[in-house]
Structures are given as C-alpha cells and as structure tokens.
Amino acid sequence: MKRMLSGIKPTGQLTLGNYIGALRNFVNYQDDYEMIVFIANLHCITEYQDPEDLKKNLTDAVALYLACGLDPNKATIFLQTDVHSHAELGYIMACNTYLGELNRMTQFKDKSAKGEKNMTAGLYTYPCLMAADILLYDANYVPVGEDQKQHVELTRDIAQRFNNKYGETFVVPEPLIAKVGARIMSLSDPSKKMSKSDETNKGCIYLLDDLKAARKKVMSAVTDSIGIIQLDKENQPGLYNLIEIASALSNRSMEDIVKEFEGQGYGKLKGYVADVVCAELEKIQTRYHEIIESRQLETILKEGAAKAAAIADPKLEEVKKKVGLEIKY
Ligand code: AMP
Ligand code: TRP
C-alpha cells in the first residue's frame, strides 16, 4: 500500500478551505492508502501565538480531524512535537537547503514584499521542517492545497540532493492536488485565498461557525454585476468560487449545478450553496461535540505518536549514520 502524509497548521480555527482543500481528501484516501496525518504545531509558532489560544486551536484541530471522518484505526493521527525526530531532521534538512531556495518560496517572499516586520528565522526555514515532516515517513504522496505545492517541490529537490550526496535514503514524494477545491477563495474578496487570518471575518467560513453566521457569509458573498449563472472564473470569480464550494461538498459537477440554476438569480444559487455548506457544517459540528465530550483525544494522540515514531525514529537514525553524525559501532 502506498503511503500518504499530510499536515495542517492550526494557527486559528480550521476553515472550509482547509476542509475542502485538504481534510476531506485525507478522509477519502484513508481506505486506499496508508495515511499519516499530523497537527503541525511546530509550524504554528513561526509567528507568535497566544499560548492559550494555540492550545485551544490544537485541541479543536484534532477533534475536527476526527469529526470530519478521519478514523484512528485506519489513519495515524498525531501531534508533531510528540515525535521528536521532526525537529531533529528539520535541522539536518536546513543544512541541506540553500538560501536561494528559501528566498524563492512565495509565502516568505510575499510576506517580505509586504514589508512585514518581526519575521522570524523559523518562518524562513519552515520549508526545511516541512521537508523533514514528509521525508521521515518515506511518503509517496502528499495531498495538499495549491498553496503548498511549492513546498512539496522543494522537498523533492532536497530529497534528491540528499540521496545523491549520501546514497539512496529518502523516497521522493509527489504532491497531490485535487481537481476541484484546491484553492477556495475568500467570500468577501474572491481574488484572495480563504484564510484563517481573514481580518474582516466575512470572507472565511470556519468549521465551527454558528450555522446562521455561516449562512449569512454565503448569502452576502461578493459576486459581480454580470448577472448570468455560468462558469467564467476570470470575469466572475466570486460566483465560480461559490459553485466550486457547492460542487466539492455535494459531489456534483460544477456544470451540473450551473445547469440547475441557469437563468435564475444569484440569490437562488447562494441559497443552495448555503444549504449545502450548513448541512456539512452541522454534521461535522455534531460529531465534534461528541468527540470533545468523549475525552478520547489524549489516548488517540498517544497511540498515533507511538505508531508514527516507530517509522520516523529509525529513519532519523539511518540519516544520522549516513551523514556521519553517529560514532556508535
Ligand atoms: P494551513 O491551514 O495553511 O495549514 O493549510 C492546511 C491545508 O489546507 C493545506 O493543504 C492547504 O493547502 C489547505 N488549504 C488552506 N486554505 C485553503 C483554501 N482556501 N483552499 C484550498 N485549500 C486550502
Ligand atoms: N505547511 C503546511 C501548511 O501550512 C502544513 C504542513 C506542515 C504540511 N508540514 C507538512 C503539509 C507536511 C503537508 C506535509 O499548510
């Protein structure tokens, strides 16, 4: 069975974008692949997080993983810091990455271009840690949203370079980007990605949003004045995004949805999208509350970390030997 690995960085509450672009796919893959998913908590602190908020967001993220349908009997689910090899291999990967490569990473480039102050060294080297996250497990595939593709490509380069220098060690992973929903856009500004750091709070639907609030966000989504329901991503990006969201959640094709609403007003379509979104959120939220109350999270994470460490720790040992760091006989 091929191995698949992915992670989410819960610097805030998980969003509908995370669900459609990532989580939902993890759930679909868990039957056909050996699935490893983790909460990338080390990645969270590349920017300051209030410790209490972080703790809450991490707990909610685990509960939401399960609520969305990840099954700990099928997938390995754990917290990144519970497996120490991540940080250690992350450092070794940083020693096999060039500054030029990190300078080219768009996430970093965008932030520096915006003149963001107080950027940390952790933020800069984060793709090295991400490479370690993946390579520790010899993952064949990494299902991610569009924004992470560049990081997986860098991981491939680092893996190949390491293999050439030190001999065959790492599986070179492939990014896996879903055809529908790889980049869900903000409802209030369809030129931007739907993101946890949405300042207005109007463009982003959170998985734990109150259903009424979520409906309101869909109903007031920015569209256009063209007034025709069709698929024109360039000229009607807001409308396209709404249809894409509905398509991803209902498993209907975008064309099929357009056919149903052709010739009708945007309000009708928005109502349908809101229904689909709210039905999905309600299902997730019901399970989320059951899981939080059942108090199983600690046990699940402990078992997950043990399973993960059984793969990751020997890999790190192999790397240290190959690099010449070990003096054991
Ligand atoms: P992050 O929340 O940045 O840790 O992202 C976790 C996963 O969700 C990654 O695979 C992202 O590519 C994916 N993701 C985040 N935001 C979106 C979005 N707006 N549309 C699609 N995928 C997303
Ligand atoms: N960097 C990813 C994000 O921000 C999260 C992440 C960390 C990840 N390590 C990973 C995703 C390894 C896939 C594989 O979304």
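## Aromatic pairs and cluster

One aromatic cluster is formed by Tyr-29, Tyr-33 and Tyr-141. Rings of Phe, Tyr and Trp (for Trp, its six-membered ring) pair if their centres lie within 6.5 Å, with planes under 30 degrees apart counted as stacked, over 60 as edge-to-face and the rest as tilted. The model is predicted, so local features need pLDDT of at least 70 and side-chain atom pairs count only at pLDDT 80 or more, while totals for chains, interfaces and linings use all residues. Residues are numbered from 1 along each chain as its sequence is written, chains are lettered from A and ligands numbered from 1 in the order in which they are written, and side-chain values use heavy atoms, with hydrogens and water left out.

Across the whole structure, a search finds eight aromatic pairs. Among them is the edge-to-face pair of Tyr-29 and Tyr-33, at 5.7 Å centre to centre and with 90° between the planes. Tyr-29 is partly exposed at 21% relative accessibility, and Tyr-33 is partly exposed at 22%; buried means under 20% relative accessible area, exposed over 50%, and partly exposed in between (1.4 Å probe, protein chains only).

Phe-261 and Tyr-272 form a tilted pair, with 5.3 Å between centres and 40° between the planes. Phe-261 belongs to helix 11 (residues 254-261) and Tyr-272 to helix 12 (residues 266-294), so this pair ties together parts eleven residues apart in sequence. Helices (H or I, at least four residues) and strands (E, at least two) are DSSP runs, numbered from the N terminus. Phe-261 is buried at 5% relative accessibility, and Tyr-272 is buried with a relative accessible area of 16%.

## Surroundings of ligand 1

Ligand 1 is surrounded by 17 residues, and the closest are Lys-9, Gly-145, Asp-147, Ile-184 and Lys-196; a residue is near a molecule or strand if one of its heavy atoms lies within 4 Å of it. A polar backbone atom of Lys-9 lies 2.8 Å from an oxygen atom of ligand 1. An N or O atom in the side chain of Asp-147 is 2.4 Å from an oxygen atom of the ligand, and a polar backbone atom of Ile-184 is 2.8 Å from a nitrogen atom of the ligand.

Of the 480 Å² of accessible area that ligand 1 has on its own, the protein covers 94%; accessible areas come from the Shrake-Rupley method with a 1.4 Å probe, and for residues only the protein chains shown count as cover. Helix 1 (residues 16-29) gives the most to the shell around ligand 1, with four residues.

## Surroundings of ligand 2

Around ligand 2 there are 14 residues, of which Gly-7, Tyr-126, Met-130, Asp-133 and Gln-148 come nearest. Nitrogen atoms of ligand 2 lie 2.9 Å from a polar side-chain atom of Tyr-126, 2.7 Å from an N or O atom in the side chain of Asp-133 and 3.2 Å from an N or O atom in the side chain of Gln-148.

The protein covers 92% of the 360 Å² of accessible area that ligand 2 has on its own. Strand 1 (3-8) and helix 7 (121-135) are the elements that give two or more residues to the shell, and helix 7 supplies the largest share, four residues.

## Cysteines

The structure holds zero disulfides, a disulfide being a pair of cysteine sulfur atoms within 2.5 Å. The sulfur of Cys-44 has its closest cysteine sulfur in Cys-204, at 15 Å, too far for a bond. For the sulfur of Cys-128, the closest cysteine sulfur is in Cys-95, at 8.7 Å, also too far for a bond. Cys-44 is buried at 1% relative accessibility, and Cys-128 is buried at 1%.

Note on methods
Polar contact = N/O pair within 3.5 Å; in protein donor to acceptor, adjacent residues only side chain to side chain.
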